[in-house]
Structure formats: structure tokens, C-alpha cells
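Thanks for coming. I have one structure to walk through, and I'll keep it short. Please look at the screen.

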Amino acid sequence: RAFMLRNRYCLWLVFIAVVVFQLVRFREMYGSKAARFLHTRSRQEFYPRVPNLRRFPVPDEKVPWSVPFPNYKPIQFTYAVSELTDPDIDWKGFSTIPFNADDKKRGLNRKSYGGPYDIVSGLPQNPMGRTGMSGRGRLYRWGPNHATDPIVTRWKRSKKGNHIIMRDGKNLLEFVAISRKDSSEWAIPGGMVDPFDTVFNTLQKEFAEETMNEKEVSESKRREILLQISDFFQNGTEVYRGYVDDPRNTDNSWLETVAMNYHDESGFTVGQFELTAGDDAKDVQWVELSRDLKLYANHKDFIEKVATIRNAFW
């Protein structure tokens, strides 16, 4: 009997050690606030833009793959395959997709910013744990889907612009925000990195498309916009690189991003930008940084980091 109790005790110690290791790994990969914001929206009951599609419920303690969940039966969902998406799993060449590597044939980076991810039954496994849904969902790629988030900021100034407005002894900061067409939530402008494109180019392109309506202007105006942005985006500060708690995530497909802050200390450069919503945005405006903000996914966490970097009011 004592032997059995000792074995059971040892098994519990091993189990606790595995769970602690997983949590430490999450923090190392995604920052000290991982436990607070990660994998909340990725488990929301209804999947976005698909009527009445519910996820299998996953309680907080069952999120890590290291925690046994024998009754786990995720809903399988993969949106229609197109020339823009990865092939379905029944494609005969699916096993040739080079996960955890550069896919030179398709011009894609299939590596995760958090490090190598597991491949289970031939499919990438979400490194942050269970989501209640398997398949590719509405995302384009199996495994990591790389995006960019350009955070353009300036100090909030008086109407005459001769002094910076302060609150509680700190300068007020503003950033360019868009209202998303798909959810009406306010967000940082940004988008997916296209095949054979770069993160740096995508940061500029997405900002131009969503906040300056670059796609709908004349060619001469388009060149002017791109020149303005190209010059301004030469000097940025990386705010975040990693997993995004996005409602489109699944067990086999998830969003990762590079968030960069481009700050205009004088306000003279961004003041010349003619903000006009375009592409995936239905509105665009300067928004004051505040802890009361409600933003898409975990964009608020990126904004808070910018406030810390700039020593601004939060």
C-alpha cells in the first residue's frame, strides 16, 4: 500500500512539474502577461463570421496540451480553399508542406516567432494550447499566419499645437486607429504578410491601404503617399513579436504578428498624413492612449507597451 501511495505521489509531482514547465515556457515565449490575455478570444464561444458555429468549450485549466482532457472533441472547421489559402489536408501533397521552416516554393515563413511547434498527426499544433476548434478556420495558413501591426504615434497637443497636453504628470500619446469592417472593433491598422513579401514592406503597405486609402487614389497621389510613409517608417521600435490571441485561431492555425511603433516626436510629419479609411477599415482616427481603451484581440497590450516605452500617460 505504501509503495502504491509513493508511486501516486510521484506521478502527481511529475504532473505538476509538467504544468509548471508549460506555464514557464509560455511566459518565456510570450511575456509576463501571457496568463492574463492569451487564449481568451481564441476560445470564445462563437467563431467569427460563421453563423452559429460554436467551439467546443475549453476551461482555463484544460488549455495546455500537457493537461489530460480525454473528453475533448473540438469542432472541425476549414473555410473554403482558394488560390490565397493553403490546400486542404486531403491534398495528396499536403505532407510536403515544410512546417517549422521557410517554404521557399510558396514564399512563406512557416516558422513561429516562439520557436518550433509540435506536429501531431501531420498537422501543426497551436503552441498556446486548445481552442475548441480544429482545422484551419478562416485563416490562410496551417500553423503560424504572420501579420504586422504598425503603431503610429504622436503627442497630443493643444489646438494651436504650441504645447503637449499632460495628465497626472505625463504626456498624452495618440495613435492612428481603425474601425474594422468585419467586427466594428477599433484596432491597430495591419494585415497579413503576403507570399514572397517582407514584414517591413507589409507594415508600410497595410498602413497606406487602411489609413490613407492608397488603393483608391490616383497613381501620382499613391506615389506621394508611399514616399511619405517610406521615409517615416525607416526608424521604428519593435514592441512585440509573437502569438496573437485572435478569435480566428484554431488548434492547427493561429495568428502571429510583429508590432512596430513609429513615433513622430514633433508631430510635423504625421500631421501631413491625410487619414482616410480604406481596404479593411471603415473608419480611421487619432485615438488617445488610455487603459480604458477597448481594442481588437490583444492590441491593447501592444498599446500599453508603447505607453511604457514613451513614458506616456496610461
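Start with Phe 56. Phe 56 is partly exposed, at a relative accessible area of 22%. On the cut-offs: buried means under 20% relative accessible area, exposed means over 50%, and partly exposed is in between, with a 1.4 Å probe and protein chains only.

Before going on, the ground rules. This is a predicted model, so local features need pLDDT of at least 70, side-chain atom pairs count only at pLDDT 80 or more, and totals for chains, interfaces and linings use all residues. Residues are numbered from 1 along each chain as its sequence is written, and side-chain values use heavy atoms, with hydrogens and water left out.

Back to Phe 56. What is the geometry of the rings of Phe 56 and Phe 69? Their centres are 6.1 Å apart and their planes stand at 55 degrees, so the pair is tilted. The cut-offs here: rings of Phe, Tyr and Trp (its six-membered ring) pair if their centres lie within 6.5 Å; planes under 30 degrees apart are stacked, over 60 edge-to-face, and the rest tilted. Both Phe 56 and Phe 69 sit in the loop between helix 2 and strand 1, 13 residues apart. Phe 69 counts as buried, at 16% relative accessibility.

Next pair: Phe 94 and Phe 99. Ring centres are 6.2 Å apart, planes at 55 degrees, so this pair is tilted. Phe 94 is buried at 6% relative accessibility. Phe 99 is buried at 14%. The whole structure holds 14 aromatic pairs. One aromatic cluster is made of Phe 207, Phe 232, Phe 233, Tyr 262 and Phe 273.

Now the overall numbers. The protein chain has 5 helices and 15 strands. These are DSSP runs numbered from the N terminus: helices are H or I, at least four residues, and strands are E, at least two. Of its 314 residues, 49% count as buried. The chain exposes about 16400 Å², and carbon and sulfur atoms supply 53% of that. Areas come from Shrake-Rupley with a 1.4 Å probe; for residues, only the protein chains shown count as cover. Take contacts between residues at least 6 apart in sequence: 69% of them join residues at least 24 apart. Contact means heavy atoms within 4.5 Å.

Confidence. pLDDT is the predictor's confidence in each residue, from 0 to 100. The chain averages 89, and 88% of the residues score at least 70. Where does pLDDT stay under 50? Over residues 28-37, and the model has 22 contacts beyond four places in sequence for them. Where pLDDT is low, the predicted coordinates should not be read in detail.

On to the core. A nonpolar core is a set of buried Ala, Val, Leu, Ile, Met, Phe, Trp, Tyr and Cys residues joined through side-chain atoms within 4.5 Å. The largest has 55 residues; Ile 151, Val 152, Phe 175, Phe 207, Phe 233, Leu 289 and Ile 303 touch the most other members. Elements giving two or more residues to this core include strand 7 (143-155), strand 10 (173-180), helix 3 (199-211) and helix 5 (299-309). Strand 14 gives the largest share of this core, 6 residues. Apart from it lies another core, of 5 residues, including Tyr 47, Val 50, Leu 53 and Phe 77.

Zoom in on Val 152. Beyond four places in sequence, its contacts include Phe 175, Phe 207, Phe 233, Tyr 262 and Trp 286. In helix 5, the buried residues include Phe 302, Ile 303 and Val 306. After helix 5 comes Asn 311, with a positive phi near 50 degrees.

Asn 252 lies between strand 13 and strand 14. Asn 252 is buried, at 9% relative accessibility. Its side chain reaches the backbone nitrogen of Gly 135 at 2.8 Å.

Arg 106 is in the loop between strand 2 (102-103) and strand 3 (108-109). A polar contact of 2.9 Å joins its side chain to that of Asp 103. A polar contact is a pair of N or O atoms within 3.5 Å; within protein, one must be able to donate a hydrogen and the other to accept it, and residues adjacent in sequence count only if both atoms are side-chain atoms.

Last, Pro 64, buried at 10% relative accessibility. Pro 64 and Pro 127 are 63 residues apart in sequence, and 8.6 Å apart C-alpha to C-alpha.
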